[in-house]
Amino acid sequence: MGTISLKNARKAFGDVVIIPGASLDIKNGEFVVFVGPSGCGKSTLLRMIAGLEDLTSGAILIDGKDMTEAAPSKRGLSMVFQSYALYPHMSVRGNISFGLKMAGMPKNEIDAKVAKAAATLNLTEYLDRKPRQLSGGQRQRVAIGRAIVRNPEGFLFDEPLSNLDAALRVNMRLEIMQMHKDLGATMIYVTHDQVEAMTMADRIVVLNRGNIEQVGSPLELYNRPDSLFVAGFIGSPKMNLISGKPAEKFDAQTIGIRPEHLGISLKDGTWPAKISLAEHLGADTFLHVDAGPCGMMTVRAAGEYDAAPGAKIFLTPEPDRIHCFDKDGKAIRK
Amino acid sequence: MARRETMQRKIFITALAWVVGLIVFFPILWTVLTSFKTEGDAINISGFFSTGWTTEAYSVVQSRSNYVQFAWNSVALALGSTFFALVIAIPSAWAMAFAPGKRTKDLLMWMLSTKMMPPVGALIPIYLIFRDLGLLDTRGGIITVLMLLNLPIIIWMLYTYFKEIPGEILEASRMDGASLGKELLYVLTPMAIPGIASTLLLNIILAWNEAFWTLALTTKDAAPLTQFIASYSSPEGLFWAKLSAASTMAIAPILVLGWFAQKQLVRGLTFGAVK
Amino acid sequence: MATQQTRTLGKLAVSPSVFVLFMWMIVPLAMTIYFSFLRYNLLDPNPVCSLLTPGALLDAENRCLAGFTNYYYFLTDPAFFKAMGNSLKLVGWVLAISVAGGTLLALLLDQPFFGRGFVRIMMIAPFLVMPTVSALVWQNMLMDPVSGFFAFISKSIGLQPIDWFTHHPFAAVVIMVAWQWVPFATLILLTSLQSLDEEQKEAAEMDGTPPLSYFWYIVLPHLIRPMTVVVLIETIFLLNVFAEIYVTGTAGPAGNLPFLVYQYGLIANDIGGASAGGIVAVILANIVAFFLMRMIGKNLEA
């Protein structure tokens with residue numbers, strides 16, 4: 001049931017290598033998020049799993065069976081596309097039932113399944129509308145409904161929320177997580193938004209230039225990033241990365257400290273700094289400071305921090321929260 | 001337009017545009033007017049309008065040269081050639097738009113370049129092949145020629161229209177288990193209806209008015225309206241009311257079609273090349 | 001991007017059209033080239049030959065190799081130079097008239113006025129008219145020196161009517177062909193004008209650009225690409241004008257290359273000569289196409 005394995009899956013167009021070779025085991029019922037900057041190959045990897053792109057070499061196993069050469073529809077997977085990819089000329093009902101019709105399911109069974117999916121997704125009263133008569137969130141639900149009715153082993157989401165406005169995005173995020181809980185199906189979710197990744201995933205796969213940089217639970221990635229890249233990518237605001245003299249004290253090429261792990265004092269501390277800008281968010285205040293040899297840094301102060309630009313402060317990192325990296329950008333574990 | 005044009009200017013432009021439009025349209029208008037005159041009025045130009053309107057010319061033309069048969073041939077050739085061309089062109093345009101290879105652009109240019117080849121270069125062999133295969137003056141033969149003639153333009157137009165359709169929707173149908181045939185029939189074609197309609201319309205017009213191959217390869221049985229009109233060029237047929245009636249009957253179907261499908265027509269006439 | 005499977009399907013889907021177009025282009029062309037080296041006249045099936053006859057291609061008719069004789073006769077036929085000149089002159093004149101006229105008409109129709117839709121359909125109408133009809137209507141009802149409409153106008157303002165088809169047959173053909181193609185140019189250019197960014201117009205207005213400079217620096221550059229499309233498409237069709245000459249009987253003075261080949265082949269039954277003429281026409285079209293593509297290739301790429 002619903003396990004997905006990549007065995008050294010590689011994708012190249014002639015000399016241009018997109019994915020140099022990815023290996024990954026996804027357990028049944030797991031919610032896995034592929035995250036990385038745009039162009040890192042995360043969508044390509046997802047499309048390879050879906051069967052919309054070939055593998056240059058390697059294999060994809062779904063449910064233990066080799067599906068490397070199988071047609072997309074034979075893999076037992078459903079996909080929700082970034083643009084929703086609804087059939088514009090079909091009603092909501094037509095969109096949701098198309099896959100079942102293609103599979104040759106009897107009409108009464110189709111009707112029952114569509115009715116059930118529509119009820120779950122609050123689409124019942126829109127069944128006879130065309131996609132263009134729906135709002136963005138409703139279209140998104142139709143796309144999900146189309147994926148659900150086929151009862152797949154796994155769901156693939158390709159940046160499904162990037163076309164929604166911020167408020168709706170949070171809602172849909174919760175709905176998808178609820179759906180995952182209810183269905184218990186394997187889900188792979190692609191996003192460039194690390195907040196989405198952190199909140200939704202059982203496990204996150206961080207991709208950089210086609211390479212899998214690190215795989216782990218959100219907190220593992222947050223607390224123990226394997227590389228500079230992961231350290232800089234996960235967490236918001238970004239981790240402060242410091243090299244040169246201050247780093248040498250830790251026997252590292254680069255050290256990293258998150259904005260929330262810096263103590264602020266007006267009297268003394270490890271690094272003196274000068275406030276250049278303050279962002280007041282209400283619950284938090286982010287100070288952008290000039291820390292001399294450490295360069296520009298971001299510091300989080302809880303609550304409303306009364307800060308005047310130009311004011312001098314001292315910063316002290318929490319010792320066990322300092323991340324050290326060698327000259328290849330790999331984490332140094334002590 | 002955020003600004004209010006002065007009324008004077010608009011009226012001036014309106015008058016000018018209508019005058020120019022009427023001048024351009026005049027030959028057609030004049031033909032239609034003349035077709036309802038008596039032969040005497042038709043030749044006597046000084047009376048712009050007829051002394052007594054009559055449809056006499058129409059009945060003479062029909063009884064003398066059997067308009068219906070020519071018209072029926074025109075319809076059969078235009079629809080037949082367009083239909084077969086679409087059947088061949090839709091899969092091609094699909095492939096070039098959604099599964100392009102390195103050579104796709106070259107292939108498209110090559111297809112268009114076949115239009116650059118003058119028909120006279122092929123006239124003699126086609127004429128002889130048709131003669132030997134007994135295809136001269138048959139509808140099947142002319143339909144084939146017209147189909148081949150317009151195929152490059154049809155593929156080009158469909159290609160430009162298909163390019164506007166997001167590939168993700170076709171991929172979604174593939175995930176849904178649609179075979180290529182079903183993908184084309186249930187997803188692509190219905191989505192591309194406006195583009196296909198424009199293509200269809202333009203091709204019907206081109207086929208209807210095609211007057212090189214139809215004149216060279218037909219005489220009677222498969223002869224379309226181009227031949228019907230050409231037969232009026234002989235002095236024997238020089239009666240202007242009848243000539244006008246025949247002309248009106250030959251162009252009316254296309255003009256009416258163009259009138260009702262103006263939007264598709266405008267889109268089609270630009271060959272999808274100008275946005 | 002697609003999978004190997006899709007690409008394979010794609011190749012399969014393209015192949016019928018490639019196959020039929022290839023056949024349509026290559027087979028007749030090869031036969032035309034072959035015929036052009038034969039002594040082959042339908043009226044004289046068994047000419048006396050001193051050379052061996054090649055193997056029969058389509059039937060058992062006796063046909064002999066003629067070397068370049070057909071080309072020699074075709075290219076030295078005074079009618080050939082006249083026809084080639086007419087072909088090029090026709091293309092040149094109609095292109096000039098339709099691009100210039102089309103631009104003016106498009107600028108006019110782009111202005112706001114009452115009844116735009118109706119005027120537009122009146123303007124497009126000539127393009128929808130069958131060439132044979134257009135030829136007959138112009139020849140008889142408009143250009144007839146005695147009772148044609150133009151003669152009527154001339155006489156009513158006290159001028160001598162022009163006998164178009166006796167004295168200016170070529171101009172007459174140019175006028176009737178241009179009448180059909182100006183609307184086409186107008187439509188394409190109008191569509192393009194309407195896509196001109198409204199904000200650009202307003203910015204120019206804010207800058208106080210005078211109308212002529214506005215046309216020269218903003219409108220004209222925008223129209224270059226659609227003009228290229230007009231030139232390309234019209235050239236293809238204009239090189240092959242046939243019906244107008246066939247119907248009006250202006251073959252002598254205004255006959256172009258296609259018509260000359262038609263005369264050689266289907267009227268004089270000289271298949272060899274007509275084939276040589278056809279090849280000459282193909283070569284001419286390719287030369288024109290070559291220069292055309294070079295001149296406008298850059299514009300189309302952008």
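Figure 1. Contact is called when the C-beta atoms of two residues, placed from the backbone, lie within 7 Å. Which residues of helix 8 of chain B are buried? They are B:Leu170, B:Glu171, B:Ala172, B:Ser173, B:Arg174 and B:Met175. A buried residue has 20 or more other C-beta atoms within 10 Å of its own, an exposed one 12 or fewer, and a partly exposed one falls in between, with C-beta atoms placed from the backbone. After helix 8 of chain B comes B:Gly177, with a positive phi near 90°.

A word on reading these views: residues are numbered from 1 along each chain as its sequence is written, while chains are lettered from A and ligands numbered from 1 in the order in which they are written. Since the model is predicted, local features need pLDDT of at least 70 and side-chain atom pairs count only at pLDDT 80 or more, whereas totals for chains, interfaces and linings use all residues.

**Figure 2. The contact between chain B and chain A**. Chain B brings 14 residues to this contact and chain A brings 16. On the chain B side, helix 8 (167–175) and helix 9 (180–191) each supply at least two residues. Helix 8 of chain B gives the most, with six residues. By class, the side of chain B that touches chain A holds eight nonpolar residues, one polar and five charged. The classes are simple: Ala, Val, Leu, Ile, Met, Phe, Trp, Tyr, Cys and Pro are nonpolar, Asp, Glu, Lys and Arg are charged, and the others, Gly among them, are polar.

**Figure 3. The contact between chain B and chain C**. Here 81 residues of chain B are in contact with 82 residues of chain C. Which helix of chain B gives the most to this side? Helix 1 (residues 7–35) of chain B does, with 16 residues. The side of chain B that touches chain C consists of 60 nonpolar, 16 polar and five charged residues.

**Figure 4. Helix 1 of chain B crossing helix 5 of chain C**. The axes of helix 1 of chain B and helix 5 (residues 131–142) of chain C come within 11 Å and cross at roughly 70°. That is why helix 1 of chain B counts as roughly perpendicular to helix 5 of chain C. Axes are lines fitted to C-alpha atoms, for helices over the stretch in contact, and angles run from 0 to 180 degrees between N-to-C directions. From helix 1 of chain B, B:Pro27, B:Trp30, B:Thr31 and B:Thr34 meet C:Val137, C:Trp138, C:Met141 and C:Leu142 of helix 5 of chain C. This contact has six nonpolar, two polar and no charged residues.

**Figure 5. A hairpin of chain A**. Strand 1 (residues 4–13) and strand 2 (residues 16–26) of chain A pair in the antiparallel sense over seven bridges. Two strands pair if DSSP finds at least two bridges between them. A:Ile4 has A:Ile26 in strand 2 of chain A as its bridge partner. Two residues lie between the strands of the hairpin, where A:Gly14 takes a positive phi near 60°.

**Figure 6. An open sheet of five strands in chain A**. The strands run in the order 13-17-14-15-16, with antiparallel pairing. Strand 13 (262–265) and strand 16 (296–302) of chain A stand at the edges with a single partner strand each, so one side of each has no neighbour in the sheet. Neighbouring strands of this sheet are turned by 45° against each other on average, direction ignored. Strand 14 (residues 271–280) and strand 15 (residues 284–290) of chain A pair in the antiparallel sense over six bridges. A:Glu279 stands opposite A:Phe286 in strand 15 of chain A.

How values were computed. Helix = DSSP H or I, 4+ residues; strand = E, 2+ residues; numbered from the N terminus. Parallel < 35°, antiparallel > 145°, perpendicular 65-115°, else oblique.
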